[in-house]
Amino acid sequence: MDNASQQKTIEEVKAFADQEIRPYAAEFEANEAIPRELIDKMAEKGYLAASFPQEFEGLGLDPVYYGLFTEEIGKACASTRALLTVHTSLVGETLLRWGNNELKKKWVLPMARGETIGAFALTEPEVGTDAKGVKTTYRKEGNKYIVNGSKKWITFGDVADFFLTVTTGEKGITTFIIERRMKGVKTTPIKGLLASKAAHIAEIQFDNVEVPAENMVGREGSGFTYIVSTALDNGRYSIAWAGIAIAQEALDLMITYSRKRSQFGKKIYQHQLIQGILGDCVTKLHAGRALCLRAGELRKINDNSAVIETTIAKYFTSKIAMEIATDAVQVHGGNGCYNKYPVERLFREAKILEIIEGTSQVQQEIISAYGLRAYFRPPKV
Amino acid sequence: MELKEKIRKFIESNLVVFEDEAEFSDSDNIFEMGFVNSLFAMKLVNYIEEDFGIEVENDDLEISNFSSVNRITEYIESKKSA
């Protein structure tokens, strides 16, 4: 697809977000659910398959434009953007990369059409960052596998039709597609969250679930090394742009507010200390966007450094999203602490980005390991 | 550059331990030795696909295919001759 066509898609999704999502974001949060009608409307426009190739009924956006696409949805509503992160990026792109032809045909096409929603089931009640330590088990029985265990904090877990599920067994970490309709699968919505309230986050129980062998993704034992790593890389790229989305939206709102609001007989932007905040926020946003665009360009050409640049972008933008959203609340003063002003929601949503798809501390370790090698100057002998 | 040497150089440029701590033979399992992190496997697959024009397929995702310099070399040679 040429750049002009992709740009047109971005303009269309922006208009869609302005009309169908942003005005209702607070309502979605209050109801603790994005409505099925919205998911259906997005599916109709091909938005649930924005990054899928056209042969899989996707929009065929390249990584850079898919990032811009994610930003437009994310600016309007973080929970709606979370659908793209899990359904399209974590699950869809990973199945496209590592699913065999049968799996792709069976699962990816219905995902593109919105007929089935996919979620990624990795985290467990006792296993978060230490993802290799999953306790959900599989065991082989004839030509099927029996899965037992539980997953927690699964985004869209309460409505997804299937779960790309990470298990452990005789040969190590193995991933399976487990369908909601299978006997022994039970989901329970999780309420009382800080943010992502409308993203149908749930706990999942697997009680002696019989999974056919053809539902295995990748090879037995290769689940973490290939499937989980790929999924998390896709997820990190999505979250990197989610950070830009929150940062941009928060900046837009604080700039607008600073030009409308007066204190001490002048607009608040005329106070130098406010200008300092605004100047820093603009700079951070531009730096974050540059990192995301670079990661996107590298992903486009399948460059080997795309993985680390994606990690750096995710770490940085989740951090500046939190900082900029915090400043946006500060500039709004008391109003920023009130849920009639969207910056209050952005402030809470930003925190999530520093935790999901690998905490900031894990990103720091990865980036540090890369830097210790890349920037070492061997002593001259 | 000989294939094995290219593979070794790629691995060495992606180690999570430093050169002076990381001695490994062509048959050593670099995953089991803890010399690479979880992102390495993805990078390695990408490297093989981009630099050698090979498509790593779902059925090839056995860690044993990529566990040592020798195994990676054998894998590339077998795919190229297929």
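Trainee: Which residues does A:Gln205 touch, leaving out those up to four places away in sequence?
Mentor: A:Ser150 and A:Lys186. Contact here is a backbone criterion: two residues are in contact if their C-beta atoms, placed from the backbone, lie within 7 Å.

Trainee: Is this an experimental or a predicted model?
Mentor: This is a predicted model, where local features need pLDDT of at least 70, side-chain atom pairs count only at pLDDT 80 or more, and totals for chains, interfaces and linings use all residues. Residues are numbered from 1 along each chain as its sequence is written, while chains are lettered from A and ligands numbered from 1 in the order in which they are written.

Trainee: Where does A:Gln205 sit?
Mentor: In strand 7 of chain A, residues 202-212. Strands are DSSP runs of E, at least two residues; helices are runs of H or I, at least four; both are numbered from the N terminus.

Trainee: Buried, exposed or in between?
Mentor: A:Gln205 is partly exposed, because 15 other C-beta atoms lie within 10 Å. The cut-offs: buried means 20 or more other C-beta atoms within 10 Å of the residue's own, exposed means 12 or fewer, and partly exposed is in between, with C-beta atoms placed from the backbone.

Trainee: Let's zoom out. What does the domain assignment give for chain A?
Mentor: Domain 1 is 3-116, domain 2 is 120-220 and domain 3 is 224-374. Those bounds come from an automatic or database domain assignment.

Trainee: How many residues are in contact between domain 1 and domain 3 of chain A?
Mentor: 20 residues of domain 1 of chain A are in contact with 25 of domain 3 of chain A. Helix 2 (25-31), helix 4 (63-76) and helix 5 (78-98) of chain A each supply at least two residues on the domain 1 side. Helix 5 of chain A gives the largest share, 10 residues.

Trainee: What's the class make-up of that side of domain 1 of chain A?
Mentor: 7 nonpolar, 6 polar and 7 charged residues. Nonpolar covers Ala, Val, Leu, Ile, Met, Phe, Trp, Tyr, Cys and Pro; charged covers Asp, Glu, Lys and Arg; the others, Gly among them, are polar.

Trainee: How far apart are the C-alpha centres of those two domains of chain A?
Mentor: For domain 1 and domain 3 of chain A, 21 Å.

Trainee: At what angle do helix 4 and helix 5 of chain A cross?
Mentor: Roughly 145°, with the axes coming within 6 Å. Axes are lines fitted to C-alpha atoms, for helices over the stretch in contact, and angles run from 0 to 180 degrees between N-to-C directions.

Trainee: Which residues meet there, between helix 4 and helix 5 of chain A?
Mentor: A:Thr70, A:Ile73, A:Gly74 and A:Ala76 from helix 4 of chain A meet A:Ala78, A:Thr80, A:Arg81 and A:Leu84 from helix 5 of chain A. That contact counts 4 nonpolar, 3 polar and 1 charged.

Trainee: Why is A:Glu357 classed as buried?
Mentor: Because 26 other C-beta atoms lie within 10 Å of A:Glu357. A:Phe264 has 8, so A:Phe264 is exposed.

Trainee: Switching to chain B. How many of its residues are in contact with chain A?
Mentor: 14 residues of chain B, facing 18 of chain A. The chain B side has 7 nonpolar, 4 polar and 3 charged residues.

Trainee: Which residues are buried in helix 3 of chain B?
Mentor: B:Val69, B:Ile72 and B:Tyr75 are buried in helix 3 of chain B. They cover an arc of only 130° around the axis, so they fall on the same side of helix 3 of chain B. The arc is that of the directions from the helix axis to the C-beta atoms.

Trainee: What's on the other side of helix 3 of chain B?
Mentor: B:Glu77, B:Ser78 and B:Ser81, which are exposed.
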